Amino acid sequence: MGFVIAVDGPAASGKGTLSKRIAAHYGFAHLDTGLLYRAVARLLLDKNRPLDDEKAAQAAAFALELAYMDESRLRGAEMGEAASRVSIIPAVRAALLDRQREFAAQAPGAVLDGRDIGTVICPDADVKLFVTASAEERARRRHRELESRGAAPAYESVLADIRARDARDAGRSSAPLRQAEDAVLLDTTTLGIEEALAAALAVVDKVR
Ligand code: C5P
């Protein structure tokens, strides 16, 4: 069993970028677990199945081969929204549990980021971070990112999407988004990526 770092937080909190940088720093593997839920949603949409078809969603989760999926078809706000719909299905979460735990077990270590890593997937993680930022700041970052890619929805609509996703992720009954009791809170509202990384590495280095 390697060293496990669990990183949870809401949409657009910067936890993905941060997790990638933490993993690179220590030479650990990194899994963006949101991609698993996005891939399940993608498989359903490709088969013209509704996102609340529990049987089809469970089958898709078991059959999932992330390595064969084109990541560019999983990114984007609509897929995040679709992922958040399939992620409320307990059978989907159960089907994805073992592969996340297997990933976490590799040497010399692994960083997993998502919503329930510290609470459900890796409750014994060596380090748990809960990365957040105000909804307005997350919407500003997401809006800037979308603009740089040529898409320009109004800031207000980006903020409304973020609030809706927060409510769904925190309000669902199966593995809702919440900070584990032993997680360290990292609020990045006023931090740049380098400052957030330095703060995260300081937390990890204390334990390693
Ligand atoms: O992090 P990302 O935006 O890619 O996640 C997409 C959706 O997948 C989230 O809104 C959430 O509903 C779901 N998810 C989850 N558990 C995780 C990771 C993502 O429920 N560990």
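Buried means under 20% relative accessible area, exposed over 50%, and partly exposed in between, with a 1.4 Å probe and protein chains only. By that rule, both F3 and F28 are buried. The model is predicted: local features need pLDDT of at least 70, side-chain atom pairs count only at pLDDT 80 or more, and totals for chains, interfaces and linings use all residues. Residues are numbered from 1 along each chain as its sequence is written, and side-chain values use heavy atoms, with hydrogens and water left out.

**Aromatic pairs**

- Rings of Phe, Tyr and Trp (its six-membered ring) pair if their centres lie within 6.5 Å; planes under 30 degrees apart are stacked, over 60 edge-to-face, and the rest tilted.
- The count comes to two aromatic pairs.
- F3 and F28 form a tilted pair, 6.0 Å centre to centre with 35 degrees between the planes.
- F3 lies in strand β1 and F28 in the loop between α1 (15-26) and β2 (29-32), so the pair ties together parts 25 residues apart in sequence.
- Helices (H or I, at least four residues) and strands (E, at least two) are DSSP runs, numbered from the N terminus.
- Ring pairs link F3, Y26 and F28 into a cluster.

**Nonpolar cores**

- A nonpolar core is a set of buried Ala, Val, Leu, Ile, Met, Phe, Trp, Tyr and Cys residues joined through side-chain atoms within 4.5 Å.
- The largest one has 33 residues, and V40, L64, V92, L96 and C122 have the most contacts inside it.
- Elements giving two or more residues to this core include β1 (3-8), α2 (34-46), α5 (90-104) and β3 (109-114).
- Helix α2 gives the most to this core, with seven residues.
- Another core, of 19 residues, lies apart from it; V7, L18, L129 and V204 are among its members.
- Contact means heavy atoms within 4.5 Å.
- Not counting residues up to four places away in sequence, L64 touches L36, A39, V40, L43, M69, L96 and R99.

**Ligand site**

- The ligand is surrounded by 16 residues, and the closest are R38, R93, R165, D169 and R172; a residue counts if one of its heavy atoms lies within 4 Å.
- A polar side-chain atom of T33 lies 2.9 Å from a ligand nitrogen atom.
- For R38, a polar side-chain atom is 2.6 Å from a ligand oxygen atom.
- An N or O atom in the R172 side chain lies 2.8 Å from an oxygen atom of the ligand.
- Taken alone the ligand exposes 460 Å², and the protein buries 96% of that; accessible areas come from the Shrake-Rupley method with a 1.4 Å probe, and for residues only the protein chains shown count as cover.

**S84 in helix α4**

- S84 sits in helix α4 and is buried, with a relative accessible area of 3%.
- A polar contact of 2.4 Å joins the side chains of S84 and R168.
- A polar contact is a pair of N or O atoms within 3.5 Å; within protein, one must be able to donate a hydrogen and the other to accept it, and residues adjacent in sequence count only if both atoms are side-chain atoms.
- Leaving aside neighbours within four places in sequence, S84 is in contact with R165, R168 and D169.

- T132 is in strand β4 (residues 127-132) and counts as buried at 17% relative accessibility.
- T132 and S13 are 119 residues apart in sequence, yet 5.1 Å apart in space, C-alpha to C-alpha.
- T188 is in the loop between β5 (184-187) and α9 (193-207) and is buried at 4%.
- Not counting residues up to four places away in sequence, T188 touches S13, V131, T132, A133, R141 and A196.
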